[in-house]
Amino acid sequence: MINMRFIIISDTHRYIDKAIDVLEHFKEDADGFIHLGDHFDDAEKLHRQFPDMRYYSVLGNNDFNFEASHSKIAFIGGKKILLTHGHKQRVSFGLMYLDYFGRQEEADAVLFGHTHRPSLEFSGNMAMFNPGSISLPRSTYEPTFGIMDVKDGNIKFSVYMIKGTGNYEEIKI
């Protein structure tokens with residue numbers, strides 16, 4: 001089994017300073033990062049700043065890059081991970097369509113953003129994870145990001161609140 005760690009961020013909306021701090025802090029411990037949309041250009045800027053980190057990104061509802069996709073499959077640590085922003089699956093109204101989308105793709109996990117609220121739900125063996133927003137949080141006072149660890153064939157998700165540069169507190173979701 002391949003063990004891997006990815007930093008998961010979403011909804012940067014052109015405010016990438018906190019994302020830079022997080023990636024700088026975890027660059028030695030993480031295999032890469034995932035950007036779940038809003039703004040796609042931010043993901044590309046982060047990749048240019050951290051070229052040694054593998055990265056995946058998708059478009060969000062505020063993205064207008066027609067060469068990129070609103071969803072993507074990533075195989076990470078032997079697991080099939082479906083990436084999407086979530087607006088096309090109407091996640092603001094619940095996770096029914098997201099659940100269907102993930103099952104249709106036979107995903108082990110679906111990662112999404114859009115709501116700016118961290119969450120972790122399960123549908124059978126499939127996880128549906130939202131890291132919240134690293135720039136414009138809605139349900140917490142502080143920005144949040146996620147960590148996905150794939151270890152020994154198992155996926156574990158954690159959400160961290162940013163309390164200051166290099167100061168991160170894991171929160172329960």
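Which strands and helix make a right-handed β-α-β unit? In this predicted model, the unit consists of E2, helix H2 (residues 40-49) and E3. Helices (H or I, at least four residues) and strands (E, at least two) are DSSP runs, numbered from the N terminus. A crossover is right-handed if, with the strands pointing away from the viewer, the path from the first strand over the helix to the second runs clockwise.

Strands E2 (residues 32-35) and E3 (residues 54-57) run parallel and are joined by four bridges. Pairing requires at least two DSSP bridges between two strands. His35 stands opposite Ser57 in E3.

Phe40, Asp42, Ala43 and Leu46 of H2 are buried (under 20% relative accessible area; exposed is over 50%, partly exposed in between; 1.4 Å probe, protein chains only). These residues lie on the same side of H2, because they cover an arc of only 155 degrees around the axis. The arc is that of the directions from the helix axis to the C-beta atoms. The buried residues of H2 pack against E1, helix H1 (17-26), E2 and E3.

Beyond its neighbours within four places in sequence, Ile34 is in contact (heavy atoms within 4.5 Å) with residues including Phe6, Tyr56, Leu83 and Met148.

Residues are numbered from 1 along each chain as its sequence is written, and side-chain values use heavy atoms, without hydrogens and water. Local features need pLDDT of at least 70 and side-chain atom pairs count only at pLDDT 80 or more, while totals for chains, interfaces and linings use all residues.
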